[in-house]
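Hi,

Here is the structure I said I would pass on. Have a look when you get a moment, and my notes follow below.

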Amino acid sequence: MSTTTPGLSPYQTALRERVLAAPQVDPPTPWRSVFQPYAAVGGLLGIGFGVDPRSGHDLVMVVSSDGHGLFDAVSGEKIARDRDPEDDIPDGADLSCPGLGPLTGRRVRIAGLYGGGLHATAHGGWNVDAVAPAWPNHRVLLATDGGAPYRGPHGETWWHVFDATWSELRAVGFSPSGRTLAVATSSDLSLWTRAEG
């Protein structure tokens with residue numbers, strides 16, 4: 001039986017305990033991890049998405065204190081790198097940076113330390129949320145068909161897929177296509193991908 005946490009209602013206390021009790025698991029099919037387990041990116045400030053005009057794959061642009069990088073979100077391959085970009089941090093009303101590699105000539109919106117956000121929902125009924133039941137550590141929860149952590153069993157309608165215990169969370173969300181799920185912290189990038197349809 002749960003005891004009420006000071007400042008929280010009994011409902012909020014039960015929800016907090018439910019999320020804290022959920023073990024971290026891999027996302028369900030059709031999601032698969034792109035990196036094993038993540039790509040180290042020291043001083044990560046934010047990320048943004050683009051589409052490779054040749055392959056149609058989602059691309060993830062990473063902005064860090066050590067420059068900009070571009071990853072293929074299906075293979076995980078780093079396909080471009082600029083250690084000394086002219087516009088090194090997101091700026092302007094849209095918090096964007098100039099693209100690189102296949103995204104050269106375009107601006108990429110960046111979500112992270114400077115603001116902005118990624119998509120919280122994706123086609124197929126998927127949604128993602130970052131919660132902090134043990135603040136300042138964040139947990140990333142993936143859900144489908146309305147399976148938020150207060151409805152349905154863990155591992156069936158919602159999954160605790162990431163625990164940011166060693167670094168600060170920067171951005172969480174889906175690509176505009178809905179085929180990529182990204183979690184960026186101040187030290188690393190985790191990606192999951194799924195096939196179209």
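How many aromatic pairs does a search of the whole structure find? Six aromatic pairs turn up. Do keep in mind that this is a predicted model.

One pair I looked at is Trp31 with Trp126. What makes that pair edge-to-face? The ring centres of Trp31 and Trp126 sit 5.7 Å apart and the planes are at 85°, so the pair counts as edge-to-face, the cut-off being over 60 degrees. Trp31 is in the loop between α1 (10–21) and β1 (32–33), while Trp126 belongs to strand β11 (residues 126–134), so this pair ties together parts that are 95 residues apart in sequence. Trp31 and Trp126 are both buried. Ring pairs also link these two with Trp159 and Phe174, giving a cluster.

The other spot I went through is Ser96, which is in strand β7 (residues 96–98). Is Ser96 buried or exposed? Its relative accessibility is 1%, so Ser96 counts as buried, the limit being under 20%.

The side chain of Ser96 has polar contacts to two others that I'd point you to. With the side chain of Asp94, the distance is 2.9 Å; with the side chain of Arg107, the distance is 2.8 Å.

Cheers

Conventions: Residues are numbered from 1 along each chain as its sequence is written. This is a predicted model: local features need pLDDT of at least 70, side-chain atom pairs count only at pLDDT 80 or more; totals for chains, interfaces and linings use all residues. Side-chain values use heavy atoms; hydrogens and water are left out. Helices (H or I, at least four residues) and strands (E, at least two) are DSSP runs, numbered from the N terminus. Buried means under 20% relative accessible area, exposed over 50%, partly exposed in between (1.4 Å probe, protein chains only). A polar contact is a pair of N or O atoms within 3.5 Å; within protein, one must be able to donate a hydrogen and the other to accept it, and residues adjacent in sequence count only if both atoms are side-chain atoms. Rings of Phe, Tyr and Trp (its six-membered ring) pair if their centres lie within 6.5 Å; planes under 30 degrees apart count as stacked, over 60 as edge-to-face and the rest as tilted.
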